[in-house]
Amino acid sequence: MQMTIERIANLHEREIEEFMNHIKHTFQPTVPQQAETIRKAASLVRMNAIGAYRYTQTEQSLMANISGTESEFARLSFQTMEPYCTCLNNSWCAHQIAVVFHLYSQFHSLSDWLHNWRQSGTVQTQLSIQQRTPEAWISALTELVKPLDELDHKDGPTGFLHYTSKIEQQKTRLSPFEWEWKPLFTLYYELTLLQASWPFLNSELSSNDSYHYGKWQLTIWLNEQLSELKAGIIQLSSKSRLFETDAFHLKLKDLIHLFAVQEDGLFSKRFEVFRLVYTELYTDEAELSEAIDRLENETAPDASLFRAFLYLTSGRFDELDRELEALDPTAVPQWLAFALYAKEDEDFDIVQSIMLQLLPHLADYYQQLASRNRSAFAEDIDQLLALSDVSEEQRDQLFQSYGPEANRAYGQFLFERSRYEEWAALMHLTRNSVDMIDSNSLKTALAEDSRAVFPLMHAEALKLVKEKNRDSYRRAVRLWKQMKTAAKRDGRNEFWNRYINTVRQQFPRLRALMEEMEKGNLLL
């Protein structure tokens, strides 16, 4: 059935918006070649050059003929969000953009869009720092990152990365020339940038929806900024502090507090910044005491955790114990971040105190996680519980409450305790093939307890036989030969011969299987 272009545009309005955002942030009106591509695409729409089209509903794709100087065919896939054109341009070409523009124009004003796009290239923030003061730095940097405050949620990760790229380019003009001031300026810039970005990053990265390419891009960007910030902290801490920088360091502590303590979400990232500052940069007793005093009057939800960290860092263990006694077990991710830090620092008593408090709440928190995060969470939690006074029975029950995403960690848990029968049963339920089981683990289990592993290997061998091809028969025979070696080592010759004869009697008409079994010399 032929579908009208209006109907296609209505069906895929969200995808068309995404295409338009990509075009908006990929093509710059200040770059002549890119501006010409957009001009040509708009001209093709105005000349009604988009002629015959064909929509394939099963593939959710549109093929359109563009008649211009030379006729071309452009294809848009609404499923994979990938364009293609017979002009064989490696990137977006005017023909592909023209088809997107034509679809967009069915329900929106293309003229308004083009006007706004051109205007975006004329607004250039002319910033400079006239004085070297913390206030002047903050004022200029706040103005620099202002576009992030105006970021529309519809712009998505592509729009966000576009704005941050422009900000990064303009930031170079503000950076001081003197090398001794650069690390301090980097910290001011990164903290200002992160704070302005945080509402958008928290909204995008904290959601439990599917993990898509845009999220991956944002995660990479955030990790890069944290690496830059870490490099600046380490570089600054390795050099003598200039007298002129005292006021900057005082204000820097305010920036750290505003970002790490008072922002919401993505706690592990904020905690990492706070941890770096107070283990690398501000480490003397007076500075730690000053930070603790400030946090004791802080009402932010995560303040107790930052206090606990500073108590640990400064060796004030009595205050730390009181903080742990009042631990809020509903703040599971925050306290887990602290437990992981304590583990790295080999403060195992702290790990145990935290984990014993959190234990009753871990199963409920696990169910709130996105499926993609559950496997890693189960492994990290079990490593922390192993360092705590938590019985194996409790850890076992916790694994069983998690569900299938934790099967890899649960399998490792069973294997390490030589519970091979349960391990083999779990592998049978959760692996489509023994090829998906670590070969060294299978070899070890077979050597330690062949009786427990035989049912798993038997089921896999029968599955291969049912495929009824010679290659599968050979693979089944290889499994049987492994089982034969284990049976011979265990002195179970009679059992093994009965088993092989039973298999032969079960499939007497599979001549190729019989031949492979004969070649394998499976009897003892």
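Pro-83 counts as partly exposed, at 27% relative accessibility (buried means under 20% relative accessible area, exposed over 50%, and partly exposed in between, with a 1.4 Å probe and protein chains only). The model is a predicted one, in which local features need pLDDT of at least 70 and side-chain atom pairs count only at pLDDT 80 or more, while totals for chains, interfaces and linings use all residues. Residues are numbered from 1 along each chain as its sequence is written, and side-chain values use heavy atoms, with hydrogens and water left out.

Pro-83 sits in strand E4 (helices, H or I with at least four residues, and strands, E with at least two, are DSSP runs numbered from the N terminus). Leaving aside neighbours within four places in sequence, Pro-83 is in contact with Arg-75, Leu-76, Trp-92 and Gln-96, where contact means heavy atoms within 4.5 Å. Leu-524 is another matter: 441 residues away along the chain, its C-alpha atom is separated from that of Pro-83 by 63 Å.

The strand that holds Pro-83 belongs to an open sheet of four strands, ordered E1-E2-E3-E4 and paired antiparallel. Two strands pair here if DSSP finds at least two bridges between them. Strand E1 (50-56) and strand E4 (82-85) stand at the edges with a single partner strand each, so one side of each is left without a neighbour in the sheet. From one strand to the next, the twist averages 15° (axes are lines fitted to C-alpha atoms, for helices over the stretch in contact, and angles run from 0 to 180 degrees between N-to-C directions). Helix H4 (residues 94-104) packs on the sheet and touches E1, E2, E3 and E4, its direction making about 60° with that of E3. As a reminder, strands of a sheet pair through backbone hydrogen bonds, either parallel or antiparallel.

Going through the pairs, E1 and E2 are antiparallel over five bridges, with Tyr-55 opposite Leu-62 in E2. The hairpin of these two strands has four residues between them, and Gln-60 takes a positive phi near 50°. E2 (residues 61-66) then pairs with E3 (residues 72-77), again in the antiparallel sense, over six bridges. Across this pairing, Leu-62 stands opposite Leu-76 in E3, Met-63 faces Arg-75 in E3, and Ser-61 has Ser-77 as its bridge partner in E3. E2 is mostly covered, five of its six residues being buried. The pairing of E3 and E4 is antiparallel over four bridges, and Arg-75 stands opposite Tyr-84 in E4. These two strands also make a hairpin with four residues between them, where Met-81 in the turn has a positive phi of about 60°.

Turning to charged side chains, the structure holds 29 salt bridges, a salt bridge being a side-chain nitrogen of Lys or Arg within 4 Å of a carboxyl oxygen of Asp or Glu. One of them joins Arg-419 to Asp-396, with the closest N and O atoms 2.3 Å apart. This pair links distant parts of the chain, 23 residues apart: Arg-419 is in the loop between helix H21 (407-416) and helix H22 (420-430), and Asp-396 is in helix H20 (residues 392-402). Asp-396 is buried, at a relative accessible area of 8%.

Arg-417 and Glu-416 also meet in a salt bridge, at 3.5 Å from N to O. Here Arg-417 is partly exposed at 23% relative accessibility, while Glu-416 is exposed, with a relative accessible area of 51%.

Arg-511 and Glu-515 form another salt bridge, at 4.0 Å from N to O. The two are four residues apart in helix H27 (residues 511-520), and are therefore separated by about one helical turn. Arg-511 is exposed at 66% relative accessibility, and Glu-515 is partly exposed with a relative accessible area of 33%. Both take part in a network of salt bridges that links Arg-470, Arg-474, Arg-511, Glu-515, Glu-516 and Lys-519.

Finally, Tyr-213, Trp-216 and Ile-220 make a nonpolar surface patch of about 330 Å². Patches are made of residues with over 30% relative accessible area and no salt bridge, like charges being joined within 9 Å and nonpolar side chains (Val, Leu, Ile, Met, Phe, Trp, Tyr) within 5 Å; accessible areas come from the Shrake-Rupley method with a 1.4 Å probe, and for residues only the protein chains shown count as cover. Trp-216 lies in helix H10 (residues 213-237) and is partly exposed, at 42% relative accessibility.
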